[in-house]
Amino acid sequence: MACHLQRTLIVAALFFYGLVMTFRSALGEERPNVLFISVDDLRPELNCYGQEQIHSPNIDKLASQSALFERAYCMVSVCGASRASMLTGIRPTPQRFTSWTARADEEAPGIVTMNAWFKNHGYHTVSLGKIFNDADDSAAGWSTQPWRLNDEKWPWYAEPENQLLHRKRGAQEPRNRGPAWEAADVADDAYLDGQTAIKATAELRRLAQRQEPFFLAVGFFKPHLPFNAPKKYWDLYPREAIALSENASAPRGAPRISLHNWGEMRRYSNIPRKGAVDDETARSLIHGYFACVSYIDALVGQVLHELERLDLSDKTIVVLWSDHGWNLGEHTLWCKHSCYETSMRIPLLVRLSKQRAALRIVQPVESIALYPTLCELAGLPLPEHLQGSSLVPLLNGSTEDANAIAVGRYGQGDTIRSAQYRYTQYSRVDGKQLGEMLYDHETDPDENQNVSGKPSYGEALQHLQKRLRETTRK
């Protein structure tokens, strides 16, 4: 009798435990958190990507615990369009997601954005800094009002920092922006991004007290122009060690439409209205970009340190990504806005647990893969509209696909990247071709020679043209 009663109690206890676990699962308590870190205009200019001149210890440490994607690519090489495409999980077209002002809620109405999908499935979703181009884009997908410091309307466009030293001098510039760089001897929190890091650590402490899992998106503005960073980050780089681009000339045989006049940067007071910048200006710009990368690295480190201090690291998927690359004088170019590798390639790190070994993945992948990837990792169903492929098999160590491609675009150009080649086709709205480029990355990784007209590349050219048509017609 006693044994029977004991067995009954054990069965009842197991049944009750099962109910509790089912209930907890339904509440989402067993689902991982997501820390989604965006860094604007960041090309893979990081030590962990082989750029040994860069001081990026915090992101390098993250990379040592993450899957690092060597060939990750944005969908469009301009802020708003790239972010809208990635956060909706659908591809840009010549009519959709074309400019820095692109909005997901206006250009993809009815599409559930990534943050909204997580919110709809029990996550507490929070946006800090620059995630969507406009803070109020798809705002219903966040559990709290999106936060940006001094956000009236598009803070960096209105020059929120206003160049600290420039403002103190009370100078009046002939153009609506001040200098393109600044090395103020100030603390990290004197600039917008420093305040974002402070807000992120405070938000982590708040989220750690909640029962449901969180999706915390933290968007840093730098190294976006202007290159303003505290002086201590400039001091990491001796002036004489700053090297200029080794391929500052236009690629041989490249169509004129592939190049641009980097108008975004010309609005700054110390940049000429036309023509090339001189070597000292170029060196200052590169120096400032490096300083901003190191500044953001320190801020990312603050956020990751707080995540670990709160004992959340092994409960949280960490993703670090950028919306597109940036040109530092290559091919006569500054800024982004092109279909070259320097504009399209981005850093992408995905950490599932800091206990896992590092993984380097060389297969080309697209930024729209993040939406299905994070859904799968969090155990969420996939919305039917997604056009990207999940990266989970690669994260789990499956064999890479030698035939994988990444497709993107800018302006009138559609571009495709395979393991060996980058092919770009420029077309008018009516379909008439305006030019094309093919670069063989095995022999020409810096894209200095357009080989699209060489007969020996005819087969590769036709294959890439076919795959580009197939992908862009979806």
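How much space lies in the second largest pocket? Before I answer, let me say that what we are looking at is a predicted model, and the values I quote are computed from it. In this model, about 590 Å³ of space lies in the second largest pocket. That pocket is lined by 26 residues, and those closest to its centre are Pro94, Arg409, Asp414, Ser427 and Thr472. Two or more lining residues come from each of strand S15 (406-410), strand S17 (421-427) and helix H14 (458-472), and H14 gives the largest share, namely five residues. Sorted by class, this lining holds six nonpolar, twelve polar and eight charged residues.

Let me turn to the sheet to which S15 and S17 belong. It is an open sheet of four strands, in the order S15-S16-S17-S18, and the pairing is antiparallel. At the edges stand S15 and strand S18 (433-440), each of which has a single partner strand, so one side of each is left without a neighbour in the sheet. Direction ignored, neighbouring strands here are turned by 15° against each other on average. Strand S16 (residues 413-417) runs antiparallel to S17 and is joined to that strand by five bridges; in one of them, Thr415 has Thr424 of S17 as its bridge partner.

Now for the largest pocket, in which about 950 Å³ of space lies. Its lining has 34 residues, and Arg43, Glu45, Gln51, Glu330 and Asp446 lie nearest its centre. Helix H10 (279-309) and helix H11 (341-344) each supply at least two residues of that lining, which by class is made up of 15 nonpolar, seven polar and twelve charged residues.

I would like to finish with helix H3, which spans residues 79-88 and is mostly covered, with ten of its ten residues buried. The buried residues include Arg83 as well as Met86 and Leu87.

Definitions and conventions. Residues numbered from 1 in each chain as written. Predicted model: local features only at pLDDT ≥ 70, side-chain atom pairs only at ≥ 80, totals over all residues. Heavy atoms only, no water. 1 Å grid on protein atoms, 1.4 Å probe; cavity = no way out; pocket = protein on both sides within 12 Å on 5 of 7 lines; lining within 4 Å. Points joined across faces, edges and corners; volume = space filled by probe spheres on them. Nonpolar A, V, L, I, M, F, W, Y, C, P; charged D, E, K, R; others polar. Buried < 20%, exposed > 50% of the residue type's maximum accessible area, 1.4 Å probe, protein only. Pairing = 2+ DSSP bridges. Axes fitted to C-alpha atoms, helices over the stretch in contact; angles between N-to-C directions.
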